Amino acid sequence: MARYERLDHDAIQHALRTDHDSGWALTAEFLSAILVWSLVGWLLDRWIGTDPWLLVAGIVLGAGLGGWLLFLRHRAATADEHQRFRYRD
């Protein structure tokens, strides 16, 4: 049977707010990386006249850099933050 730590109401509410906010922040960072690099690719396509290849490269580059940002955030998380999302025996 799984045992759980007993938390008071304020600690639970704080954890839920923090997790909710960090989820939205990660989503915004990932999507903004894709959007910014897509815009750069689109502008370069219009300027150079290579439609749509730099736009596609911008989307791929943005997705890759957004994923890298998510990875860096995960590595920077504290041990307490990692432990909060693991199941306990």
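Analyst: Helices (H or I, at least four residues) and strands (E, at least two) are DSSP runs, numbered from the N terminus. This is a predicted model, in which local features need pLDDT of at least 70 and side-chain atom pairs count only at pLDDT 80 or more, while totals for chains, interfaces and linings use all residues. Residues are numbered from 1 along each chain as its sequence is written, and side-chain values use heavy atoms, with hydrogens and water left out. By the rule for elements, the protein has 0 strands and 3 helices.

User: What is the accessible surface of the protein?

Analyst: Accessible areas come from the Shrake-Rupley method with a 1.4 Å probe, and for residues only the protein chains shown count as cover. Carbon and sulfur atoms hold 66% of the accessible surface. The total for the protein is about 7500 Å².

User: Of the 89 residues, what percentage count as buried?

Analyst: Buried means under 20% relative accessible area, exposed over 50%, and partly exposed in between (1.4 Å probe, protein chains only). Applied to the 89 residues of the protein, this gives a buried share of 10%.

User: Is Ser38 buried or exposed?

Analyst: Ser38 lies in helix α1. Its relative accessibility is 13%, so Ser38 counts as buried.

User: Which residues is Ser38 in contact with, leaving aside neighbours within four places in sequence?

Analyst: Contact means heavy atoms within 4.5 Å. With those neighbours set aside, the residues in contact with Ser38 are Leu55, Gly58 and Ile59.

User: Which backbone oxygen does the side chain of Ser38 reach?

Analyst: A polar contact is a pair of N or O atoms within 3.5 Å; within protein, one must be able to donate a hydrogen and the other to accept it, and residues adjacent in sequence count only if both atoms are side-chain atoms. At 2.7 Å, the side chain of Ser38 reaches the backbone oxygen of Ile34.

User: Which side chain meets that of Arg73 in a salt bridge?

Analyst: Side chains of opposite charge can pair when their charged atoms come close. A salt bridge is a side-chain nitrogen of Lys or Arg within 4 Å of a carboxyl oxygen of Asp or Glu, and the structure holds 1. At 2.4 Å, N to O, the side chain of Arg73 meets that of Glu29. The pair links distant parts of the chain, from Arg73 in helix α2 to a partner 44 residues apart in helix α1, Glu29.

User: Which helix gives the most to the nonpolar patch?

Analyst: Patches are made of residues with over 30% relative accessible area and no salt bridge; like charges are joined within 9 Å, and nonpolar side chains (Val, Leu, Ile, Met, Phe, Trp, Tyr) within 5 Å. Here Val36, Trp37, Val40, Leu44, Trp47, Ile48, Leu61 and Leu65 form such a patch on the surface, with about 750 Å² of accessible area together. At least two of its residues come from each of α1 (9–48) and α2 (53–76). The helix that gives the most, with 6 residues, is α1.

User: Is Trp47 buried or exposed?

Analyst: Trp47 is in helix α1. Its relative accessibility is 72%, so Trp47 counts as exposed.

User: How many degrees lie between the planes of Trp68 and Phe71?

Analyst: Rings of Phe, Tyr and Trp (its six-membered ring) pair if their centres lie within 6.5 Å; planes under 30 degrees apart count as stacked, over 60 as edge-to-face and the rest as tilted. The count comes to 1 aromatic pair. Trp68 and Phe71 form this tilted pair, with 5.3 Å centre to centre and an angle between the planes of 35 degrees.
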